[in-house]
Amino acid sequence: MNKDFIRTTGKIIKVRKCWWIKVNKKPVRLNGLDGALFPHLMTVSYSVNGKKYKKTKYIGLRENLIGIFGTVNVYYDKDKPSRCAIRLLGDEPA
């Protein structure tokens, strides 16, 4: 991340499945949802200097989101804390 971004912890407050975007992973399906995966929208709450912010992030195709609720790393711009990037477990740079 850029040196002007500061890391803090955010709390996942909502995850919504994007039912209107369906990706079929099987060439032959037995029904409409057989092999279907859906992206998600995740809303994260975080605070900087006592002020609360919310950010929504698009999450690509995931078969299983069990365990996603909890905390994530949020990297915010020190000059404009509402500008941020959210990193899920496994998406962190090495």
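Me: How many salt bridges does a search of the whole structure find?

Reply: Just to be clear, this is a predicted model. The search of the whole structure turns up one salt bridge.

Me: What makes D77 and R83 a salt bridge?

Reply: Their closest N and O atoms are 3.0 Å apart. The cut-off is within 4 Å, so the pair gets the name.

Me: How do you know whether D77 is buried or exposed?

Reply: D77 has a relative accessible area of 9%. Buried means under 20%, so D77 is buried.

Me: And why is R83 called partly exposed?

Reply: R83 comes in at 47% relative accessible area. Buried is under 20% and exposed is over 50%, so R83 falls in between and is partly exposed.

Me: How many aromatic pairs does the search of the whole structure find?

Reply: One aromatic pair. It's formed by Y46 and Y53, with 5.5 Å centre to centre and 20° between the planes.

Me: What makes Y46 and Y53 buried?

Reply: Y46 has a relative accessible area of 2%, and Y53 has 15%. The limit is under 20%, so both are buried.

Me: What about C18 and C84, buried or exposed?

Reply: C18 is at 2% relative accessibility and C84 at 12%. With buried set at under 20%, both cysteines therefore count as buried.

Me: How many disulfides are there?

Reply: Zero, going by the rule that two cysteine sulfur atoms must be within 2.5 Å.

Definitions and conventions: Residues numbered from 1 in each chain as written. Predicted model: local features only at pLDDT ≥ 70, side-chain atom pairs only at ≥ 80, totals over all residues. Heavy atoms only, no water. Buried < 20%, exposed > 50% of the residue type's maximum accessible area, 1.4 Å probe, protein only. Salt bridge = Lys/Arg side-chain N within 4 Å of Asp/Glu carboxyl O. Phe/Tyr/Trp six-rings, centres within 6.5 Å; stacked < 30°, edge-to-face > 60°.
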